[in-house]
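Trainee: This structure is new to me. Please take me through it, one question at a time.

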Amino acid sequence: MAEVVLAGVGKVYPDGTRAVDDLSLNIADGEFLVLVGPSGCGKTTALRMVAGLEAISEGTVSVGGRVVNRVPSRDRDVAMVFQSYALYPHLSVRQNIGFGLTLRKVPKAEIRKRVEEAARTLGLEDYLDRRPRNLSGGQRQRVAMGRAIVREPRAFLMDEPLSNLDAKLRVQMRAEIARIQRDLGVTTIYVTHDQTEAMTLGDRVAVMKKGELQQVAPPQELYDRPANLFVAGFIGSPAMNLLRGELTGTETDPRLRIGGQELRVGPEVLERRPALREHIGRSLVVGIRPEDMEDARLSEATEGNRLTSTAELVEAMGSDVLVHFGLEASTVVTEDTKELARDAGTDVLGTLETPHTVVVARFSPRTQVQVGDSVEVRVDTTRLHFFDPETGASIWGDASAAEAPVPAGEEAGDEAGD
Ligand code: ATP
């Protein structure tokens with residue numbers, strides 16, 4: 001087991017494409033780090049540089065304190081698990097799992113011992129003599145994991161290992177991977193574009209956009225304190241609602257105007273986000289998570305925490321009801337939101353600012369709201385998010401910090417100090 005450190009790592013492909021830019025990450029011994037981001041953000045390239053499958057253009061990668069830039073892949077002592085887990089069809093599960101060890105001329109008894117141990121960890125003991133074609137998709141994926149486990153590597157590198165499985169199996173295997181990694185305690189870097197996988201698996205999650213690290217933090221911190229608009233919009237489903245608003249009122253009674261309506265922000269929000277004071281009287285970007293809104297008929301609403309609108313769409317999800325309603329506030333279009341729209345496949349709609357924003361709220365299933373009804377929405381104004389409209393950075397600390405671009409991975413609270 002080992003710490004994996006990326007220091008100022010960059011990758012420029014021979015055709016001039018810059019895939020990764022100045023990526024620095026300290027992955028602690030035994031840590032599960034998830035690299036997440038939209039397609040093309042450079043996460044696979046980053047992983048392949050750690051694996052030794054791609055030359056490193058800039059910076060250094062170290063495994064267990066040793067710089068491995070020039071060490072061939074097979075000598076890096078890391079094991080890769082890919083999304084396509086090509087198993088040898090003519091070999092049994094036992095032979096498939098032990099294949100790498102056989103190649104390395106590990107003694108037979110040792111191979112047997114390690115394969116059987118791995119099979120126990122993976123719940124494959126009863127399948128060791130089967131051929132891959134007689135296994136389910138999940139079992140095949142486990143065999144692929146087995147191949148990595150028996151090598152007893154210092155780190156696991158996983159590239160979307162679950163993306164070929166159907167949704168139900170993916171959820172099952174996700175839990176399995178978490179358990180196995182915890183049991184073995186092997187440092188793991190896991191690449192995915194699925195934010196749910198990222199949130200549920202990672203001790204910490206590193207969010208990338210266009211080759212650049214945006215933020216690295218434990219999942220809940222990423223959710224509660226996104227460093228910028230991109231992270232805010234990428235993590236969370238349904239996504240955080242983003243709209244333009246104006247901070248008015250005074251430091252003791254700050255108000256937020258959105259689309260002709262007004263919310264009381266509460267002085268405690270200013271205490272938590274001191275830099276917000278500098279924004280009084282200015283326009284900014286407001287973020288509201290769907291679950292921070294509720295049907296006002298089901299919860300105490302007062303003048304200062306209520307928005308009024310008409311329900312445009314009501315989706316009953318069982319555990320909750322998603323209510324879509326419009327506000328006469330401008331939508332937000334920045335480089336970050338364009339990138340998010342591209343990722344969501346809604347870029348045709350998402351590239352022009354319009355004076356009408358559709359907001360999604362997650363109501364309790366007890367709501368009676370129907371499409372076309374006028375709806376009163378209670379907003380938990382203590383949980384509002386605020387972003388600088390120019391830089392897209394979250395407005396938190398002192399004014400100078402809010403104005404400077406957020407240094408990737410150095411958001412306040414990231415004690416691991418990447
Ligand atoms: P995905 O989830 O789609 O695999 P990713 O985040 O893993 O995306 P990469 O595969 O690392 O992204 O690609 C990052 C960027 O580098 C993309 O713009 C991609 O087109 C480019 N790229 C990848 N491989 C090469 C290559 N061999 N030559 C040139 N450009 C490449």
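Trainee: How far is an oxygen atom of the ligand from a polar backbone atom of Cys41?
Mentor: First, this is a predicted model: local features need pLDDT of at least 70, side-chain atom pairs count only at pLDDT 80 or more, and totals for chains, interfaces and linings use all residues. Residues are numbered from 1 along each chain as its sequence is written, and side-chain values use heavy atoms, with hydrogens and water left out. A polar contact is a pair of N or O atoms within 3.5 Å; within protein, one must be able to donate a hydrogen and the other to accept it, and residues adjacent in sequence count only if both atoms are side-chain atoms. For Cys41, the distance from a polar backbone atom to a ligand oxygen is 3.0 Å.

Trainee: Which residues around the ligand come nearest?
Mentor: A residue counts as near if one of its heavy atoms lies within 4 Å. There are 13 residues around the ligand. The nearest are Ser39, Gly40, Lys43, Thr44 and Thr45.

Trainee: Over how many bridges do S11 and S14 pair?
Mentor: S11 covers residues 241-249 and S14 covers residues 283-288. Gly245 stands opposite Leu284 in S14. The pairing of S11 and S14 is antiparallel, and its bridges number six.

Trainee: Which element gives the largest share of the lining of the largest pocket?
Mentor: A 1 Å grid over the protein atoms alone is searched: a cavity is a set of points where a 1.4 Å probe fits but cannot get out, a pocket is an open set with protein on both sides within 12 Å along at least five of seven lines, and lining residues have an atom within 4 Å of a point. The largest pocket holds about 1,100 Å³, and of its 29 lining residues the closest to its centre are Ala239, Met240, Ala341, Ala344 and Thr346. At least two lining residues each come from H8 (229-234), S11, H10 (335-344) and S18 (357-363). The largest share, five residues, comes from H10.

Trainee: How many residues of that lining are charged?
Mentor: Ala, Val, Leu, Ile, Met, Phe, Trp, Tyr, Cys and Pro count as nonpolar, Asp, Glu, Lys and Arg as charged, and the others, Gly among them, as polar. The lining of the largest pocket has 15 nonpolar and 13 polar residues. The charged count is one.

Trainee: How much space lies in the largest cavity?
Mentor: Grid points are joined across faces, edges and corners, and a volume is the space filled by probe spheres set on the points. The whole structure has one cavity of 30 Å³ or more. Its lining has eight nonpolar residues, with none polar or charged. The space in the largest cavity is about 30 Å³.

Conventions: Two strands pair if DSSP finds at least two bridges between them. Helices (H or I, at least four residues) and strands (E, at least two) are DSSP runs, numbered from the N terminus.
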